[in-house]
Amino acid sequence: MTEFKRDGSHLSYCPPVEKWNDWVEYDAEAWPRRVEKHYQLVPTICFNCESACGLLAYVDKETGQVTKFEGNPKHPASRGRLCAKGPATITQIHDPDRILYPMKRSGPRGGGKWTRTSWDEVLETFGARIRKAFQENRGEEIMYHVGRPGHDFIMERTLQAWGIDGHNSHTNVCSSSARLGYLLWHYADRPSPDHANARFILLLSAHLESGHYFNPHAQRIIEGKMAGAKLAVMDPRLSNTASMADYWMASYPGTEAAVLLAMAMIILSENRFDATFVKNWTNWEELEVDGFSARGQSFEALIEALKRHYAKFTPEFAEKESGVKAEVIVKTAREIAAAGSRFASHLWRGSASGNLGGWQPARALMLLHVLTGSVGTPGGHNLNAWNKFVPRPFKNPSPQKRWNELLYPREWPLCTHEMSPLLPHFLKEGRGRIDVYFTRVFNPVWTYPDGFSWIEMLRDEEKVGLDAALTPTWSETAWFADYVLPMGFSSERHDLMSQESYAGKWIGFRQPVLRVLQEREGKKFDYTYQANPGEVWEEDEFWINLSWAIDPDGSMGIRQWFESPYRPGQKLTVDEYYGWIFENSVPGLPEAAAKEGLKPLEYMRKYGAYEVTTDVYKQNEKLVASADLSGSKVEANGVVTKEGKAVGVMVDGQAVVGYSTPSRKLELFSRTMADWKWPEFALPEYYRSHIHRSAQAASMGNPGEDCDPDFDKRYMPLVEWPKNSNGEVYTLLPIFRLPHLIHTRSGNSKFLYEIAHKNPLWVNPVDAQKLGGVHTGDLLKVHTEIGFFVLHAWVTEGLAPGVVACSHHMGRWRLNKEDQIERLSSAWVDLKEVGKGQWKMRQTSGVEAYETTDPDTKRVWWSDAGVHQNLSFPVHPDPITGMHCWHQMVRVERAGAGDRYGDIFVDTNLSFAVYQRWKALTRPAPGPGGLRRPLWIPRVVRPEEAAFYMDKT
Ligand code: SF4
């Protein structure tokens, strides 16, 4: 048996580095003859999800073309392995329908008429328009909205160099709920589980097959399992992940926190918790609950107060809420306690992203880590900030002075990220306008809920003045832009990335493969688009050049940030930007490079990745630096401060750095929640989701004994079913991913779409009977609060009864049959606005074979493009986190005689009304001291402190 090596070097398909300049393989097409082919292998970074795995591009020496992508064994996170989406990059770069040149709209918006333009014209047009906005003090009208970032820091730097609060992101349809649950505990807003060294792993979702940091995590979960770790999965769906589990807990959606708190109660009441850790490392002395104050009390009294507070979370209560058997809850809790400091878990989307209060499962899950002392330990839960490394460039602008309420409105002072799903509603309410809008690898018309409200916004030139889609692929959103600007795939651009994929810190360097190779041979390029296919560019050079176009003579103070650190006054090059970082900001890299006689940039171009350190555990226990200690003082609560700023905390008589929370400890009790008008959630809690069974019953005017009137009155937005919606009420799970598809960017990948191209509605056989004996393939009509969609049923026992599910990838569409827009994956549709805000979509034809330079497009055998369910979802902004709560309460019935597969109807007037109902649940700023949001909570592209005060900006 081959010896397993962590770096993947035992894998036979990973060529050794010394052979990367001339790697020989036999030509598969010449078989059975043995014809040698010679390749140069160039490392780069995959761009098909956030994980940033290492790719090796195989460049045929004879043709100069990239012919395939494999894993880079020198990449410390992916270790030579890839998921299906990594190698599929080859189909994206050779897609005959790809956008190769910058395009400018030539008819009305959304009319689909384009003419080719030049990058010079693009820079001139956008530079002049943005300059005018800045000169007229309208900086907040410039907005950059990102889907998949694929880089670290450079965009934040660019926007702060422009002095604007203009960064918008997709995070509020993705992960912001889980982030709040984590950051309230320890400031870091993401987990970094050490799966490989765990003894027990708990996953809330299908993380093993399609999770955040999918491939790097999946291989380590399996590594942990191979070493004996047990795996538990909480998911109402029998995913591939659940099928690998020792315990599958098919919890009813939104009840996960009840199960987790019941587990915590078992650990507490059976005295299986790590008392020393809890005592030393939580802010337990601040706890105030149920009339009990821990101030001046013993630790034992605190534990008794916690037991009283959580007494209702019996295994039987959790079973009633969730459907998970009480004995499974007890057994799992005991296994978690036995794993102790080697208990790892992951929660990112799934329950967190689906539910009202979806942040509570993260908060409750962390309680298990705190009780078991598995924070910062080998095999435990680590903080993302401890396992991610973002080096800084040569100089950085100051934070912007402005606060943009289109991004961080006062109603959601605790949202972790921008309230981007609400942008069309904000503009409809007259909160502002956008003069220049950049969408980058971002397709809200398709990805977001309420896509027709996005179309209404984008087609209105009063609301959005000039709109550019920076994208490697066509998309439904790009269709409504003024400019479509082609940006490169994984092998066509520079980016620097790091992720918290394992117990270590690393950086990965994405690079434009053809440019790098030709430059090795002495050819010179001014810009990457000169080496890429067509004139496909990269964002780094685009933003540098646009910044110069905005401020050509440097008088606005912008250009200085984009001048070379080596050649004063000259335009910064990408080599200089990254070369400086590698020389000066990455510990150990210059030395590692010098050992091989290379400059740091040459080293990164050669290997594509570098591991910075594996010294990552227990960073909270590091001693406060002596420079910080000198002149510091210890406050009454043990926090060590210097010049008014916290620098550490006293633990066991030593000044250690602790966590970046107000108490410098793990915050069991969140003073922030209490101070910001949510005192009932100062501790980890469970409360019912908007799709809870009691809410379903209430929506039908039949609340029943399960209803909780107090809760409903305070938190439950009322569901109002539109006229003509009929059928049984269910919870729809619309967000599970398929492991081989990329949200909205795999539509041009023939291999990936050949594997899967339909998204039927999963229905349990019990429910199929209730619906009148539905069979797989029957047409069902799914009513939401704002409309309906029609799709096929898939009857399966792989889903809990009472719940239906539909994968979120499929249902791509295009408005013109012949346009070369993702024909592998999209249906040609007829879209009509039949009344004000009333939209009807009907599929005219599905996918068909077509002729291109790629003979495979004639061989397309599938016709189903799926159904675009997201269009019929209203926004559901959680009143605390602002996260869109994806799960839908729906009514399902058999389709009628007039209904056809793929039909969609939406009334955006209703979607605006739903938005208003959810907004009414918020408790707006100001908070203490007139703040817009707590100062200690992180904010993307953070403005200067004065901007946090409502009366100062
Ligand atoms: S997990 Fe797959 S898609 Fe994501 S970066 Fe790795 S290879 Fe690419």
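Predicted model: local features only at pLDDT ≥ 70, side-chain atom pairs only at ≥ 80, totals over all residues.
Which residue stands opposite V484 in β19?

Strand β19 covers residues 483-486. Y483 and L485 point one way from this strand, while V484 and P486 point the other way, and all of them are buried. Now look at the partners of β19. Strand β5, residues 103-105, runs antiparallel to β19 and is joined to it by 2 bridges. Here is the residue we were looking for: M103 stands opposite V484. Strand β18, residues 464-471, runs parallel to β19, and 4 bridges join the two. In this pairing, T471 is the residue opposite P486.

Next, let us turn to an open sheet. Its 4 strands follow the order β1-β2-β3-β4, with antiparallel pairing. At the edges are β1 (23-26) and β4 (66-71), each of which pairs on one side only. On average, neighbouring strands of this sheet are turned by 40° against each other, direction ignored. Between β1 and β2 (residues 36-45) there are 4 bridges, in the antiparallel sense; W23, for instance, has Y39 in β2 as its bridge partner. Helix α19, formed by residues 513-520, packs on the sheet and touches β2, β3 (54-60) and β4. The direction of α19 makes about 115° with that of β2.

Our last stop is helix α10, which spans residues 299-309. Its buried residues are F299, A301, L302, I303, A305, L306 and H309. What covers them? Among the elements that do so are the helices α8 (256-269) and α9 (275-281), along with the strands β13 (288-289) and β14 (292-293).

Technical notes: Residues numbered from 1 in each chain as written. Heavy atoms only, no water. Pairing = 2+ DSSP bridges. Axes fitted to C-alpha atoms, helices over the stretch in contact; angles between N-to-C directions. Contact = heavy atoms within 4.5 Å. Buried < 20%, exposed > 50% of the residue type's maximum accessible area, 1.4 Å probe, protein only.
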